[in-house]
Amino acid sequence: MWIDGRRPIATALLVGMLWTPGTQALAQAQTVAEPAPPSEVERIARRTATYQVVSSFNDFVYGALFAGGIAAGGVLAVASLVTEPILHFLHETAWGRVSPPADRGEALQRVPIKSATYTLANSGRVFASAWLISGNPVVAAGMVAFNAVADATVYAVNDAAWAHFTAADAPVPGGAGAP
């Protein structure tokens, strides 16, 4: 039925037509696209979340030890969970917009000043929430003093860790030296 040896040629063409799309699909399936880097909002939200975990624990400890026991510690921790992420997020956003670091080194150099400005901004929030919860301005002042040390330390460690592990000496988008 096949004349002049066309059968092998037809078979080869048919196999080639069937094999090529399958091979391309397999190659495409094996190619994994790099995930897009997180947006600035996602990055700041992640930094805020990691900071907040430890900071809320600090507030619980202070409340449990000095503000009336475990219940007071729980209330202070919950108040912190409601109010502090907003302040932290706004602080990080402001620093990122006003003066974004050019690279990891610059980000690490800013940790002390960022910690100080956050501690200053956070003191009013801490005093107000501690006074409202405890009803005692002396306890509230103690909470501010405790947080000035504890939260500043947590902030500095969190900020340095994020700067170290997320900025691989490449320019930060929007920063000096960025494309």
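**Helices, burial and charge pairs**

Biologist: In which helix does Asn158 lie?

Modeller: This is a predicted model, in which local features need pLDDT of at least 70 and side-chain atom pairs count only at pLDDT 80 or more, while totals for chains, interfaces and linings use all residues. Residues are numbered from 1 along each chain as its sequence is written, and side-chain values use heavy atoms, with hydrogens and water left out. Helices are DSSP runs (H or I, at least four residues) numbered from the N terminus, whereas strands are E runs of at least two. On that basis, Asn158 lies in helix α6.

Biologist: Is Asn158 buried or exposed?

Modeller: Buried means under 20% relative accessible area, exposed over 50%, and partly exposed in between, with a 1.4 Å probe and protein chains only. The value for Asn158 is 11%, so the residue counts as buried.

Biologist: How far apart in space are Asn158 and Arg47?

Modeller: The two residues are 111 apart in sequence. From C-alpha to C-alpha, Asn158 and Arg47 are separated by 7.4 Å.

Biologist: On which residue is the kink in α5 centred?

Modeller: Helix α5 (residues 111-134) has 24 residues and reaches 32 Å, close to the expected 34 Å. Its kink is about 30° and is centred on Asn122.

Biologist: How many salt bridges are there?

Modeller: Side chains of opposite charge can pair when their charged atoms come close. The rule for a salt bridge asks for a side-chain nitrogen of Lys or Arg within 4 Å of a carboxyl oxygen of Asp or Glu. By this rule, the count comes to six.

Biologist: How many residues apart in sequence are Arg125 and Glu84?

Modeller: Their side chains meet in a salt bridge at 3.6 Å, N to O. Arg125 lies in helix α5 and Glu84 in helix α3, so the pair ties together parts whose separation in sequence is 41 residues.

Biologist: Which residues are linked in a network of salt bridges?

Modeller: Glu92 pairs with Lys114, their closest N and O atoms being 3.2 Å apart, and both residues are buried. Lys114 also meets Asp159 in a salt bridge, at 3.1 Å from N to O. Lys114 lies in helix α5 and Asp159 in helix α6, so this second pair ties together parts 45 residues apart in sequence. The network links Arg47, Glu92, Lys114 and Asp159.

Biologist: With which side chain does His91 make a polar contact?

Modeller: A polar contact is a pair of N or O atoms within 3.5 Å; within protein, one must be able to donate a hydrogen and the other to accept it, and residues adjacent in sequence count only if both atoms are side-chain atoms. His91, found in helix α3 (residues 70-98), is buried at 10%. At 2.8 Å, the contact of its side chain is with that of Thr117.

Conventions. Expected span 1.5 Å × (residues − 1). Bend = angle between axes of the 7 residues up to and from the residue.
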